[in-house]
Amino acid sequence: FFSSRRRHTRCSRDWSSDVCSSDLDVMITNDPWMGTGHIHDVNIAMPIFDKGKIVAFAAVVSHMPDIGGRIRNAGIRDIYEEGLQIPQLKLINAGKPDQNLLDMIGQNVRVPEQTLGDIWAQVAACKMLEERLRPLLRDTDLKALGDEIRRRSEAAMKKSIRAVPDGVYHAQTMHDGFEEPILINCTVTVKGDKLAIDYTGSSAQVPRAVNVVPIYTFAYSAFAVKALLCPDVPNNEGSFTPITTSAPLGSIFNPRYPAASGGRGMIGHMMVPAIMMALADVLPERAIAEGSSNSSITVTGEHQGRPYAAVNFMNAGQGATKYRNGYTMLSFPSNLSNTPIEVFEQMAPLRVVQRAIRRGSGGSGKHKGGDGLRFEVEVTADTPMMASMIMTRFRTAPQGIAGGESGKVGALLLNGKPIDPADHWVLKKGDRVVMETAGGGGCGAV
């Protein structure tokens with residue numbers, strides 16, 4: 001029994017031999033509160049030494065093809081359902097990989113070859129970062145250089161904040177929710193060269209996988225401010241020092257453990273348009289109407305004797321601005337592209353029937369919102385597959401600004417009938433899923 005089970009935990013290739021050295025230490029975790037907000041992202045970090053002292057850290061984050069548990073979607077009720085939790089541990093200690101930890105990870109995921117392969121690719125990337133840094137260390141005082149970069153970036157951000165009139169600015173938006181909608185209540189306070197964003201008044205945390213932990217709350221809030229005020233300065237700590245965020249403990253933006261957060265982007269990505277709408281009256285040249293973030297379908301199963309796990313991302317309509325229409329099938333603020341059809345069909349036994357622009361889904365206005373996407377897929381496998389969908393803007397439409405109209409909401413159909421994206425679904429050969437993403441809001445009255 002142990003022999004037959006153990007063989008599933010090991011990769012066929014010894015990846016460690018490619019990257020390990022006798023003095024290598026590498027840390028690993030997927031703790032949402034320590035990393036990037038959900039357990040599907042594995043964080044790898046490695047100290048870089050020079051003359052016996054730590055001078056830097058190399059770090060890489062990767063969204064795993066699978067992390068065990070139930071397949072990611074908004075309906076999951078706590079972190080234990082979401083999959084394997086990896087506390088802060090040493091993956092490699094003085095050049096020696098922790099094989100017990102690797103076996104434990106491999107045993108708890110559906111596609112150990114892919115997942116462990118990705119982890120070793122992250123280690124290799126950290127080693128490459130170290131190698132690229134070495135020539136700079138020979139000729140440069142890295143601390144002095146870093147201090148100066150942060151100082152200049154902080155000064156640039158503070159200058160941009162001072163250009164915004166002091167005041168308290170407010171906006172609200174709604175997420176589809178479950179039993180009831182989820183409120184995003186955003187208050188932006190500008191005072192001198194400081195900018196504070198507070199989410200008091202937002203909904204309480206929910207027993208669903210859309211909670212947003214503080215590290216992610218800050219990240220997307222700071223992104224919105226930087227995109228609005230100081231987009232040309234490279235990202236570093238100095239750019240974000242003048243920005244603070246706050247949210248009550250137990251709220252959707254500061255949940256208590258063991259809150260689920262696998263779909264945190266469904267709420268987190270809405271912070272960006274909320275901040276932009278709050279500042280739209282004082283920054284009308286820069287504001288963007290609400291759009292929709294990306295949606296996705298995840299499928300897992302076994303085909304021709306091999307397990308598979310595949311994710312297809314699809315973008316939606318972007319909001320319009322004072323100067324242009326919103327871009328079509330280009331989500332904001334998501335950083336994901338539409339998954340190529342050929343890649344999805346190669347990774348899972350599916351046939352893409354259609355991927356097309358959803359004409360007329362963008363909100364009208366002087367400048368129209370971008371259109372969403374229509375994506376239809378058919379199951380070709382003889383064996384059933386498990387599927388889950390993440391749908392954003394399924395019930396609440398992206399709002400327009402300055403008199404522009406809202407975009408159209410999205411839709412999800414299985415064999416022509418509406419289904420709930422918070423559920424998991426078993427698909428059989430011939431089943432067809434249609435996902436329609438929302439259109440962006442318009443800008444300006446017609």
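These legends go with a handful of close-up views of a predicted model. Residues are numbered from 1 along each chain as its sequence is written. Since the model is predicted, local features need pLDDT of at least 70, side-chain atom pairs count only at pLDDT 80 or more, and totals for chains, interfaces and linings use all residues; side-chain values use heavy atoms, with hydrogens and water left out.

**View 1. Helix 7 meets helix 10.**
Here are helix 7 (residues 214-229) and helix 10 (residues 271-278), with axes that come within 9 Å and cross at roughly 45°. Helices (H or I, at least four residues) and strands (E, at least two) are DSSP runs, numbered from the N terminus. Axes are lines fitted to C-alpha atoms, for helices over the stretch in contact, and angles run from 0 to 180 degrees between N-to-C directions. The pair is therefore oblique, the label for whatever is left once angles under 35 degrees go to roughly parallel, over 145 to roughly antiparallel and 65 to 115 to roughly perpendicular. The crossing is right-handed, that is, the near helix is turned clockwise from the far one by less than a right angle. On the helix 7 side, look for Y216, T217, Y220, S221, F223, A224, A227 and L228; helix 10 brings M271, V272, I275 and M276 to the contact (heavy atoms within 4.5 Å). Sorted by class, that makes ten nonpolar, two polar and no charged residues. Ala, Val, Leu, Ile, Met, Phe, Trp, Tyr, Cys and Pro count as nonpolar, Asp, Glu, Lys and Arg as charged, and the others, Gly among them, as polar.

**View 2. Helix 4 against helix 5.**
The axes of helix 4 (residues 99-107) and helix 5 come within 9 Å and cross at roughly 135°, so this pair is oblique. Helix 4 passes helix 5 in a right-handed crossing.

**View 3. The largest pocket.**
A pocket is an open set of points on a 1 Å grid over the protein atoms alone, with protein on both sides within 12 Å along at least five of seven lines, while a cavity is a set where a 1.4 Å probe fits but cannot get out; lining residues have an atom within 4 Å of a point. The largest pocket has a volume of about 1,100 Å³, volume being the space filled by probe spheres set on the points, which are joined across faces, edges and corners. Of its 42 lining residues, T36, D41, V61, A219 and N335 are the closest to the centre. Strand 3 supplies the largest share of the lining, seven residues. The classes come out as 22 nonpolar, 16 polar and four charged.

**View 4. Two cavities.**
The structure holds two cavities of 30 Å³ or more. The largest has a volume of about 140 Å³; of its 14 lining residues, H40, P65, D66, R72 and T298 are the closest to its centre.

Cis peptide bonds join Y257 to P258, with omega about 10°, and F332 to P333, with omega about 10°. P258 is in the loop between strand 9 (243-246) and helix 9, and P333 is in the loop between strand 11 (306-314) and helix 11 (341-347). K51, in the loop between strand 2 and strand 3, has a positive phi near 55°.
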